[in-house]
2 protein chains.
Amino acid sequence: MGQSRTRRPTIIDVAERAGVSKSTAARALAGSSNITDETRERVVAAATAVGYERNHLAVGMRSGRSGMLGLVIPDITNPFWADVARGAQDRAARAGASLLVFSSDWDPEAEATHLKTLRRARVDGAIVNPVSDNFDDLDRFGLPCVFIGSSAERFPDVSSVGSDIAQAVRLGLDHLVAKGHMAPALILGPKSRLARARFLRAVHEHCIERDVDPAILAIEDGEYTVEGGRLAMRRLLDQPRVGHLAVFAANDMMALGAMMAVRDVGLDCPRDVSILGFDGIPSGEFAWPGLTTVAKPGRDIGERAVESLFDEIQHKPEHRRIYMPCRLMERGSLADLSAESPKRVAGAGRV
Amino acid sequence: MGQSRTRRPTIIDVAERAGVSKSTAARALAGSSNITDETRERVVAAATAVGYERNHLAVGMRSGRSGMLGLVIPDITNPFWADVARGAQDRAARAGASLLVFSSDWDPEAEATHLKTLRRARVDGAIVNPVSDNFDDLDRFGLPCVFIGSSAERFPDVSSVGSDIAQAVRLGLDHLVAKGHMAPALILGPKSRLARARFLRAVHEHCIERDVDPAILAIEDGEYTVEGGRLAMRRLLDQPRVGHLAVFAANDMMALGAMMAVRDVGLDCPRDVSILGFDGIPSGEFAWPGLTTVAKPGRDIGERAVESLFDEIQHKPEHRRIYMPCRLMERGSLADLSAESPKRVAGAGRV
DNA sequence: CCACATCATGGGAACGTTACCGCGAATGCT
DNA sequence: AGCATTCGCGGTAACGTTCCCATGATGTGG
C-alpha cells in the first residue's frame with residue numbers, strides 16, 4: 001500500500017472541480033431531479049476523476065438510515081447458522097445493505113451486549129435468534145427486529161422466520177413409513193425447549209393420522225450435541241427389542257452421535273439400525289453411511305428474514321410468522337424394509 | 001415491538017436533563033478530563049434515565065473512525081472461513097469494533113464490489129482473502145488492509161496472516177513417517193496455485209532431510225473438492241503398487257473424497273490405505289474412520305489478522321508476514337505400520 | 001409586453017458528536 | 001494581598017451529506 005493518507009475527496013471537492021455548488025453536485029450524483037444533462041455529466045466526470053465515494057456515515061447521519069443491518073446468531077461456526085448468515089448477507093447486499101454479524105454463544109449477556117453495539121452503530125434493523133427471554137431494552141426506541149428460529153415464537157409481538165417443523169417431521173415420518181419403519185424411536189433435545197415440544201406434537205399428529213398410538217414410541221432425551229446423541233442411542237440400544245431399530249433424531253449432530261453409538265456396540269447402520277437426522281449439516285454427507293436427514297433451508301431463512309426486516313423497517317405493520325419448508329436428503333442411513341414385512345398399519349404406505 | 005418511533009435521545013437531551021451544556025455532558029460521558037465528580041454523576045444519571053446511547057455514526061463522522069472493520073472471505077459457509085470470521089469477530093469485539101462480513105465466492109468482481117461497499121461504509125480497515133490480482137483501487141486513498149491466506153503473498157507490500165504450510169507439512173510427514181509411511185503419495189490442488197507450490201516445496205525439503213528422493217513420490221492433482229479428491233484417489237489406486245498405500249491430501253475435502261474412492265473400490269481405510277488430510281474441518285470428525293489431519297488454526301488466524309489490522313490502522317509501519325502454526329489432529333485414518341517393517345531409511349523415525 | 005409558471009442552481013441549515021478556545025472562579029505561590 | 005496557574009464549564013465550529021427554500025433565468029400564455 002503505497003502513498004498513504006490522502007484525504008478522501010468529498011462532494012465539495014467534486015463540486016469545485018465541476019464548477020458547481022455542492023447542492024448541484026449532490027443532485028447530479030443522486031441521479032434524478034431537475035438537472036441539465038450537461039451539468040450532470042460534468043459532475044459525474046469530476047466525481048470519477050477525483051475518485052469520489054459517497055460517505056455512508058454522513059448519509060446515515062443526515063437521513064437516519066445507516067444502510068446496515070445486524071445479525072445476531074449463536075455461532076457463525078455452526079454450519080446451519082453460517083448458512084443463515086450467507087443467505088442474509090446475499091439478500092442484504094442485493095438491496096445495497098451491509099451486514100454486521102455477531103455470535104452470541106447462546107449467552108444472554110453476550111446477546112445483550114451485541115444488541116447494544118448494534119443500536120449504537122445505528123443499524124436500520126436486526127435479525128436475532130433470541131436467547132434471552134427479555135427484550136424490553138430492544139423495544140424502547142423501536143429498533144426494527146425480526147427473530148429467527150423456533151425459539152422466536154415465545155415473543156408474540158415480533159415477526160419471525162423459521163423452518164416448518166411440522167412439515168419437516170411429516171416429511172421424515174412419511175419417508176420412514178415408506179421404508180417400512182412404522183414406529184421409529186425418537187432422540188429429542190432437552191425438555192422445556194420449544195423446538196422439542198413442536199417436534200413431538202407433529203409426531204403425535206402424524207401417528208394419530210396413521211392410527212398408531214404415539215405412546216408406543218420410545219423416546220430418549222439428550223443435549224443437542226454428538227455426545228448427547230451417542231448417550232441417548234446407547235440407552236435406546238440397551239432396551240430390549242425385536243428386529244430392526246429405526247431412530248428419528250431431532251438434530252444431525254445427535255444423529256451422528258447415534259451412529260457412533262451403533263458402531264460402538266458392534267452393530268451396523270443401516271443393516272441393524274436406521275437413523276434419520278434433522279438439520280442438513282454438511283458433515284452428514286461424509287459420515288459413513290451418509291446420513292439421511294431432513295434439511296432445514298438455512299439460506300432461505302436468512303434471505304426471508306432480511307425481507308421481513310425490510311418490511312418491518314418500512315413500517316409495514318403486517319407482522320408475520322413465516323415457516324420455510326424443509327427438504328428430505330436421502331443418503332444411506334435408512335434400511336429399506338418396505339418389502340420385507342407386510343404393512344400392518346392402515347394407511348402406512350402413503351407418500 | 002410496542003410503542004414505535006420515539007426519537008432516540010441525543011447528548012443534548014442528556015445535557016438538558018442534567019442541567020449542563022452538551023460539551024460538559026460529552027466530557028462526562030467520555031470519562032476523563034476536568035470534571036467534578038458531582039457533575040459527572042448527574043450526567044451519567046441523566047443519560048441512563050433517558051436511555052441515551054452514543055450515536056456511532058456521528059462519532060465516526062466527527063473522529064474519522066467508524067469503529068467498523070470489513071472482512072471479505074470467499075464463503076462464510078466454508079467451515080475454515082467461518083472459523084476465521086469467528087476469530088476476527090471476537091477479537092474485534094474485544095476492541096469495541098464491529099465486523100462487516102462479505103462473501104466473494106472467489107469472484108474478483110464480487111470482491112471489488114464488496115471492497116467498494118466497505119470504503120463507502122468508511123470502515124477503519126479491511127481483512128481480505130485476495131482473489132483478484134489487482135488492488136490498485138484499494139491503494140488509492142489508503143484503506144488499511146491485511147490480507148489473509150496463502151494467496152496473500154503475491155502482494156509484497158501488504159501485511160498478511162496465514163497458516164504455516166511448511167510447518168504443517170513437516171508435522172504431517174513426521175507423523176506419517178512415525179507410523180511407518182516413508183514415501184506417501186500426494187494429492188494436491190491445481191497447478192499455478194501458490195499453496196500448491198509451497199506444499200510441494202516443504203515436502204521436498206522434508207524428503208531430502210531424510211535422504212529420500214522426492215521424485216519417487218506419486219502425485220495426483222485435482223480440484224480442491226470432494227470430487228477432485230475422489231478422482232485423484234481413483235487414479236492413484238489404478239497405479240500398480242505393493243502393500244499399503246499412504247496418501248497426504250492437501251485439503252480435507254479432497255481427503256474425504258479420497259476416502260470415498262477407497263470405499264468405492266472395495267478397499268478399507270485404514271487397513272489398506274492410510275489418508276492424512278489438511279485443514280481440520282469438522283466433517284473429518286464424523287467420517288468413518290475419523291480423518292487424521294493437520295488442522296489450520298482458522299480462529300487464531302482471524303484474531304491475528306485483526307491485530308495486524310489495528311497496527312496498520314495506527315500507522316505502525318512494521319509490515320509483517322505472519323505464519324500461524326498448525327496442529328495435528330489424530331483420528332483413525334492412518335494405519336500404524338511402524339512395527340511391521342524395519343526402518344530402511346536413515347533418520348526416518350524421528351519425531 | 002407583462003404576469004406567471006417552470007426550471008436549474010446556489011445558499012444555508014440540520015443530523016449528533018467532539019475538539020478547541022475562552023471565560024470566570026478558585027486555588028496556589030511568593 | 002496580588003498575581004499566576006489551574007480547573008470546570010459553556011459556546012462554537014466542523015465532520016459530509018441532503019433537504020428545503022430562495023433566486024434568477026427562461027419559457028409560456030394572454
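Author: Asp279(A) lies in strand 9 of chain A, where strands (E, at least two residues) and helices (H or I, at least four) are DSSP runs, numbered from the N terminus. This is a predicted model, in which local features need pLDDT of at least 70 and side-chain atom pairs count only at pLDDT 80 or more, while totals for chains, interfaces and linings use all residues. Residues are numbered from 1 along each chain as its sequence is written, and chains are lettered from A and ligands numbered from 1 in the order in which they are written.

The phi of Asp279(A) is near 155°, a positive value in a residue other than glycine. Most residues other than glycine have a negative phi, and most peptide bonds are trans. Asp279(A) is buried, since 27 other C-beta atoms lie within 10 Å; a residue is buried with 20 or more such neighbours within 10 Å of its own C-beta, exposed with 12 or fewer, and partly exposed in between, the C-beta atoms being placed from the backbone.

Asp211(A) also has a positive phi in a residue other than glycine, here near 60°. Asp211(A) sits in the loop between helix 9 (194-209) and strand 7 (219-221) of chain A, and this residue is exposed, with 10 other C-beta atoms within 10 Å.

Pro270(A) belongs to the loop between helix 11 (252-264) and strand 9 (273-279) of chain A. In chain B, the bond from Cys269(B) to Pro270(B) is cis as well, with omega near 10°, and Pro270(B) is in the loop between helix 11 (252-264) and strand 9 (273-279) of that chain.

Pro74(A) lies in the loop between strand 1 (68-73) and helix 5 of chain A, and it counts as partly exposed, with 19 C-beta neighbours inside 10 Å. Leaving aside residues up to four places away in sequence, Pro74(A) touches Trp81(A), Ser103(A), Ser104(A), Asp105(A), Trp106(A) and Asn129(A), where contact requires C-beta atoms, placed from the backbone, within 7 Å.

Helix 5 (residues 79-94) of chain A, in turn, packs with helix 13 (residues 298-313) of chain A at an angle of about 45°, their axes being 6 Å apart. Axes are lines fitted to C-alpha atoms, for helices over the stretch in contact, and angles run from 0 to 180 degrees between N-to-C directions. That angle makes helix 5 of chain A oblique to helix 13 of chain A, because angles under 35 degrees count as roughly parallel, over 145 as roughly antiparallel, 65 to 115 as roughly perpendicular and the rest as oblique. The residues making this contact include Phe80(A), Asp83(A) and Val84(A) of helix 5 and Gly298(A), Arg299(A) and Asp300(A) of helix 13 in chain A.

Definitions and conventions: Contact = placed C-beta atoms within 7 Å.
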